[in-house]
Amino acid sequence: MPIDAANPVPPTFPRHVGMDQVPAHVPKDLIRQSGLTFGPEFLANPHDFMAAMHEKQPPIYYDVSPMGNMWHLIKHEDALFGLRHPEIFSNEGATPFPRDPNDYFYFIPIEIDPPHHRKYRNIVDPVFSPKGVLKLEGLIRKRANDLIDSFIDKGACEFTEEFGRPLPVSVFLDIMGLPQDMRDTFVSWAMELLHSNDRERMGAAMMSITEYLKDAIAEKKANPDDGVVSLIAHAAPDGVPLSDKEIFGFVCFLFIGGLDTVFATLNNIWLYLARNPAKVQEIAERMDNDIDRIVEELLRRWSVTFSGRVLDQDYEMRGVQMKKGDRVTFILPACNFDPDVFPNPLEVDFDRPRKTILAFTVGVHSCMGGHLARLEVKIALQEWLKRIPEFKLKEGAHIEYRPGGVIGPEEVTLTWK
């Protein structure tokens, strides 16, 4: 239901945790403890784990977890419906990040449903639209090549630290108008928030982010510039300036969302390419004509995030009765592995019939940074393969994944001649 983002109040629906807090309406045969995002089987190979969910789990089940109990939906068709119907699957309070109830704010625009959602998107759409992000192409190519210059002669790099992270994060900081010399600090806060699976540590990271961003917003109000933080701080949709709560919630959401997802995606893709030289060769041969198809298929195969909602009404799907206030998570990577939509889903096939992929969700809450992410992956592939056409994973390299809601390997050490 519509909420007043200028006067935010904590949601009243409960947060259930553990087997002793499973609501009475949940059928016992649908209760699972899947270990998604934190269990050893998941962390051993997250994407294979999520692809196998279609064989091991029903399309809708109730997951019990120390991070919170909720319905999990893994079918592509169900995700398309749910993500396109915010009047049923609401975003209010659906973001899992802890907030001080005495200084509460909404993450904007992700937690704002229609009809108010659009006024916030309109503020930044010119920056993040397909036309807007194309203005950044030269900057992204320069940053990509500057990074490659720094390690190409060594014949090796730790991809995450030397390319996968600094490329998208530095571009994001340029867009936001935030300082590059704070990059590693910002990333450390985001990692604690997104990957610790510890509410106390998440809360401490959220406090650090809050303190920094409040000061940054105050500085932009006093000294406007061309960055997105300044754009939001001075926005006045329909002639009405945003409140302090709206400005902070908007900047904070963009800040968190911009620091992890693209570099996790790049890490996954480059790990795959390092293990599959034949695919690298195919990409090189098809780069000129099929780059968009290549990027889309790699994003399908290596999508990294989930999408949470809260039921705004009782709703039945596939014979499963869910109740108002129940939390729901669409397991987007699993949806992108739905064999009914993507046959042989683990195979990377650049000639697949075009279908909607859910790497960046769909509907009114589709990811604002989706077009930028696609452009960054495209440019990264083009510039890297132009200069380092053959590479492999360092012999003996250990691949490890952290728990959390954004999936990517911690380190990817690469070598080449």
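Helices (H or I, at least four residues) and strands (E, at least two) are DSSP runs, numbered from the N terminus. The views below come from a predicted model, in which local features need pLDDT of at least 70 and side-chain atom pairs count only at pLDDT 80 or more, while totals for chains, interfaces and linings use all residues. Residues are numbered from 1 along each chain as its sequence is written, and side-chain values use heavy atoms, with hydrogens and water left out.

View 1. A salt bridge is a side-chain nitrogen of Lys or Arg within 4 Å of a carboxyl oxygen of Asp or Glu, and the side chains of Asp146 and Lys142 form one with an N to O distance of 2.7 Å. Because Asp146 and Lys142 are four residues apart in helix α6 (residues 137-151), about one helical turn separates them. Asp146 is partly exposed at a relative accessible area of 38%, where buried means under 20% relative accessible area, exposed over 50%, and partly exposed in between (1.4 Å probe, protein chains only). Side chains of opposite charge can pair when their charged atoms come close.

View 2. In helix α14 (277-301), Arg286 and Asp290 lie four residues apart, about one turn of the helix, and their side chains meet in a salt bridge of 2.9 Å, N to O. Arg286 is buried, with a relative accessible area of 15%.

View 3. Arg318 is partly exposed, with a relative accessible area of 42%, whereas Asp78 counts as buried at 5% relative accessibility.

View 4. Most residues other than glycine have a negative phi, and most peptide bonds are trans. The peptide bond from Ile108 to Pro109 is cis, with omega near 5 degrees, and Pro109 is placed in the loop between β4 (89-90) and α4 (117-128). Pro115 lies in the loop between β4 and α4 as well, and the bond that joins Pro114 to Pro115 is a cis peptide bond with omega of about 10 degrees.

**View 5. Two threonines with positive phi.** Thr37, in the loop between β1 (31-32) and α1 (40-44), has a positive phi near 80 degrees, and this residue is buried at a relative accessible area of 13%. Thr361, in the loop between α15 (332-335) and α16 (370-387), has a positive phi near 55 degrees and counts as buried at 15% relative accessibility.

**View 6. The second largest pocket.** On a 1 Å grid over the protein atoms alone, a cavity is a set of points where a 1.4 Å probe fits but cannot get out, and a pocket is an open set with protein on both sides within 12 Å along at least five of seven lines; lining residues have an atom within 4 Å of a point. Grid points are joined across faces, edges and corners, and a volume is the space filled by probe spheres set on the points. The second largest pocket holds about 470 Å³ of space, and of its 27 lining residues, Glu296, Arg354, Lys355, Ile357 and Arg374 lie nearest its centre. Two or more lining residues come from each of α4, α14 and α16, with α14 giving the largest share, four residues.

View 7. About 40 Å³ of space lies in the second largest cavity, which is lined by Pro14, His16, Tyr62, Asn69, Gly325, Asp326 and Arg327.
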